[in-house]
Amino acid sequence: MTQQKTGILLVNLGTPDAPTPAAVKRYLRQFLSDRRVVDTPRWLWWPLLRGVILPVRSPRVAKLYQSVWMEEGSPLMVYSKRQAQALQAQLPDTPVALGMSYGKPAMCDAVDSLLAQGVDHLIVLPLYPQYSCSTVAAVWDELARILATKRSIPAVSFIRDYADDTQYISALVGKVKASFAEFGEPELLLLSYHGIPQRYASQGDTYPQRCRDTTRALVSALGIAPEKVMMTYQSRFGREPWLTPYTDETLKELGQKGVKNIQVMCPGFAADCLETLEEVAVQNREIFLEAGGETYHYIPALNDDAAHITMMEALTAHYR
C-alpha cells in the first residue's frame, strides 16, 4: 500500500480585501448569496439584496472595517494567516493551506495548492468551534463543489467541530485567567456567541447545543460559580427571531440592574474580526456603560496564541 501524503486545509469565513465600500460590497454579495447563510427564496432575496442591502450596508460596514483595519490588513485575515504559518512551522512535513469560504484566498485555490504538492489525503479544519449549518456545512458544500471538478479526488477527513475539545477549552481557560489576572475577577463573565436564526435550530441545527457544551466545559474548567457566567448571542441580522438572549440587550439590562464590572469573551471566534473588535469590544461596551455599568473588558480571541496552534496540531494529529 502506498503511503498517503497528508495536507491540512484551514478554513475561516473570509473578509473584504480592503475597508472600502466597493470591496465590502463584493464580499457581502458573495457571503449573503450563499443559501446556507440566507435561505430566503431567491425571487424575494435577490431584489432585496442587490437593491437595498448592498447599497445601504456596504458604505456603513466599510467605515466599521476602517476602525479595526490593521497595518497588514483585515484582522481576520492577519490572524488566520499567522495561524496557518504557525501550524506549518509546527508540521514542516505536512503542507498547510488557508482558504476562505468567501473572498480571498478562495478555498478552491487553497485546495489546488495542496493537490499541486502531491497531497492525496486532505484534513479539513473549519475554524468554527461550534458546528452550524451556516458555517461548517457551507465549508462542506464548497469543498464538494471544488472536488466535483477533479478527475481524481483525495481522501478527506473533515473535522465537524471541536466545541468541547479538551485543548480548546484549556486554551480558552488560559485567556480568561490572563484577563482576570490583569483586570481582576469581574462580577460576571459574559460568553457571547454569534447568533443564527432560531428557525435553523428548530429545523435541526445543533449549534445552540454545541455552544452550551462549550460554556459548560469552560465553566467547569475555570472552577467558578455557574451564576457568575452568562451565555448570549450576538450579530443578529434581519427581522426574524434569532437565538436569544441577545448580547446587546442583555448588556443593557445588566447595566440597568446595577451590575458594574463585566468581562466579555467570544468563544465561537477563532480569530478576532469585525464582530469582536468593533461590535463587542466597542459598541457593546458603550451600551453597557451608558446603561450604568462601570468596567467592561473584552477578552481577545485565541488568534495565533501558542495554545491555539497546539490545539490545531492535536486536533489534526488523529488523522495524520
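Modeller: Go ahead. Keep in mind that this is a predicted model.

Biologist: Backbone then. Which peptide bond at lysine 104 is cis?

Modeller: The one leading from lysine 104 into proline 105, with omega near -5°. Proline 105 sits in the loop that connects strand 2 (96-102) with helix 4 (107-116).

Biologist: And what joins threonine 244 and proline 245?

Modeller: A cis peptide bond, with omega about 5°. Proline 245 belongs to the loop between strand 6 (229-234) and helix 9 (247-256).

Biologist: What is the phi of serine 235?

Modeller: About 65°, so a positive value, although serine 235 is not a glycine. Serine 235 is in the loop between strand 6 and helix 9, where proline 245 is also found.

Biologist: Is serine 235 buried or exposed?

Modeller: Buried. Its relative accessibility is 15%, and the cut-off for buried is under 20%.

Biologist: What about phi at asparagine 303?

Modeller: Near 45°, again positive in a residue other than glycine. Asparagine 303 is placed in the loop between strand 8 (295-299) and helix 11 (306-317).

Biologist: Buried or exposed, that asparagine 303?

Modeller: Asparagine 303 is buried, at 6% relative accessible area.

Biologist: Switching to charge. Which residues form the positive surface patch?

Modeller: Lys25, Arg26, Arg29, Arg50 and Lys104. Helix 1 (residues 21-31) gives the largest share, three residues.

Biologist: Lysine 104 again. Where does it lie?

Modeller: In the loop between strand 2 and helix 4. Lysine 104 has a relative accessible area of 57%, and because the cut-off for exposed is over 50%, lysine 104 counts as exposed.

Biologist: Now annotation. Which residues does UniProt list for "binding site"?

Modeller: His194 and Glu275, according to an unreviewed UniProt entry.

Biologist: Where is the place of histidine 194?

Modeller: Histidine 194 is in strand 5, residues 188-194.

Biologist: What is the accessibility of histidine 194?

Modeller: Its relative accessible area is 26%, so histidine 194 is partly exposed. Asparagine 303, by contrast, is buried.

How values were computed. Residues are numbered from 1 along each chain as its sequence is written. This is a predicted model: local features need pLDDT of at least 70, side-chain atom pairs count only at pLDDT 80 or more; totals for chains, interfaces and linings use all residues. Side-chain values use heavy atoms; hydrogens and water are left out. Helices (H or I, at least four residues) and strands (E, at least two) are DSSP runs, numbered from the N terminus. Buried means under 20% relative accessible area, exposed over 50%, partly exposed in between (1.4 Å probe, protein chains only). Patches are made of residues with over 30% relative accessible area and no salt bridge: like charges are joined within 9 Å, nonpolar side chains (Val, Leu, Ile, Met, Phe, Trp, Tyr) within 5 Å. Accessible areas come from the Shrake-Rupley method with a 1.4 Å probe; for residues, only the protein chains shown count as cover. A salt bridge is a side-chain nitrogen of Lys or Arg within 4 Å of a carboxyl oxygen of Asp or Glu. Lys and Arg count as positive and Asp and Glu as negative; His and the chain ends are not counted. The place of a charge is taken as NZ of Lys, CZ of Arg, CG of Asp or CD of Glu. UniProt positions are given in the numbering used here, feature names are shortened, and annotations may be inferred rather than shown by experiment.
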